[in-house]
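Thanks for coming, everyone. Please take a look at the model on the screen, and then I'll walk you through it.

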Amino acid sequence: MINLYKNELRECRGILAKNKENMAARESLKIIYQANFDSNLIFFEREYLQEENAMYLQKYYFLFDLVDKISRIKTFNNKAKVATTLSKNDILELANEFYKYGTNKELYDLFLKLYKNIDIHKSIFNRFRAFSKFWPHQNQYDSKIYCGLSYSDLFFVFVVVHEIGHGIQYLNNFYSSLYLENYIFAEIVSTFLEMVSGNYFYNSRFQKDALIYSLNDFDGIINKAKILGNYDTSLIYKNNPIDDYPYIVAYNIAIELYMIYLEDLDKAFYYLQKIIEIPLYLPPEEYYQRILNLGITPGKNLDKYRLHLTRKLENGNLKR
């Protein structure tokens, strides 16, 4: 396992931090990962391996039209910030409220299994680690969901909802390819639940903050897609948009589920469960085809979703 080489990895990373063209360090990283994973599944060190970034884009090019579609949508260019201050207990209680009243019994029961094992701690970095028990590259397993608390407002409620979404997916179906070959699809479930929670809290006393969050999230994905769509492999060390790819793909799919959710909650969660149940050992192209076979067309309702947010904005009291 990778932990057996942690000293070597640390040394190589240190060398590359000073000299990104050091071939000895780069080749050492490749050897370590090729010894533990198939050479086509390397992604843990993408920030150091320019050629692997190019391979990654080529491998999932069949999804790149989703990047192109969403990059053409007009942003709201929203500048407002989420403002309501919340305590740690407030954040957890609101996450509990959403899963209890904004989802269904099956999802809430799974939420309760995970709820007691949430570990929220102060962090100066906006980094979140989800349900590490199932991470395939760790020797030491535990059953906690880790979230680094960088915010004390409604934003972090959405983070908790998102990370628990990963745990719910893992409890239903997990295979190591979700964080290897099928990593490109790893954010679908969590993104949908996060999006639904935005709608739930819009219909609450947090209407303004929930709308701000949804607008900012929408703008953020579009801007990431624009960057990735203009991707230049020669700029890999200055800007690494590869990590945004799974979130852009997930957003396109989550929007389709969300638009179904607005009309029929039960139907949306039925489709969500069907997506969760897709065998994760399938090749990425086949995995994606299973989503299409459900009758879901990623990116189909992008304009409709933007109109949905526009109507919320027109009904709200945000200054534009």
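One term before we start. A residue is called exposed when its relative accessible area is over 50%, and buried when that area is under 20%. Anything in between is partly exposed. Keep in mind that this is a predicted model.

Let's start on the surface. Which residues gather in a patch of negative charge? They are Glu106, Glu263, Asp264 and Asp266. Take glutamate 263. Its relative accessible area is 70%, so glutamate 263 is exposed. You'll find glutamate 263 in helix α10, residues 245–263. Now aspartate 266. That residue sits in helix α11, residues 265–276. Aspartate 266 reaches 56% relative accessibility, so it counts as exposed too. Look also at asparagine 104. Along the chain, 162 residues separate it from aspartate 266, yet their C-alpha atoms are 7.8 Å apart.

Next, the aromatic rings. A ring pair is described by the distance of the centres and the angle of the planes. The count here is 24 aromatic pairs. How do the rings of phenylalanine 64 and tyrosine 245 pair, stacked or edge-to-face? Their centres are 5.9 Å apart and their planes meet at 85 degrees, so this pair is edge-to-face. It joins distant parts of the chain. Phenylalanine 64 is in helix α4, residues 64–71, and tyrosine 245 is in helix α10, 181 residues apart. Both of these residues are buried.

Compare tyrosine 108 and phenylalanine 111. Here the ring centres are 5.8 Å apart, but the planes are at 15 degrees, so the pair is stacked. These two share helix α6, residues 105–115. They are 3 residues apart, about one turn of the helix. Tyrosine 108 and phenylalanine 111 are both buried. They also belong to a cluster linked by ring pairs, with members including Phe98, Tyr115, Phe155 and Tyr213.

Last topic: salt bridges. How many are there? The count is 6. In one, arginine 72 meets aspartate 68, at 3.1 Å from N to O. Arginine 72 is exposed at 64%, while aspartate 68 is partly exposed at 34%.

Another joins lysine 224 to aspartate 244, with the closest N and O atoms 3.9 Å apart. That pair links distant parts of the chain: lysine 224 lies in helix α9, residues 207–229, and aspartate 244 in the loop between α9 and α10. Lysine 224 has 31% relative accessibility, so it counts as partly exposed.

One more bridge pairs glutamate 277 with lysine 274, at 4.0 Å between the closest N and O atoms. Glutamate 277 is partly exposed at 43%, and so is lysine 274 at 30%.

Notes. Residues numbered from 1 in each chain as written. Predicted model: local features only at pLDDT ≥ 70, side-chain atom pairs only at ≥ 80, totals over all residues. Heavy atoms only, no water. Patch = residues over 30% accessible without salt bridge, like charges linked within 9 Å, V, L, I, M, F, W, Y side chains within 5 Å. Areas by Shrake-Rupley, 256 points an atom, 1.4 Å probe, with all protein chains shown as cover. Salt bridge = Lys/Arg side-chain N within 4 Å of Asp/Glu carboxyl O. Lys, Arg positive; Asp, Glu negative; His and termini not counted. Charge placed at Lys NZ, Arg CZ, Asp CG, Glu CD. Helix = DSSP H or I, 4+ residues; strand = E, 2+ residues; numbered from the N terminus. Buried < 20%, exposed > 50% of the residue type's maximum accessible area, 1.4 Å probe, protein only. Phe/Tyr/Trp six-rings, centres within 6.5 Å; stacked < 30°, edge-to-face > 60°.
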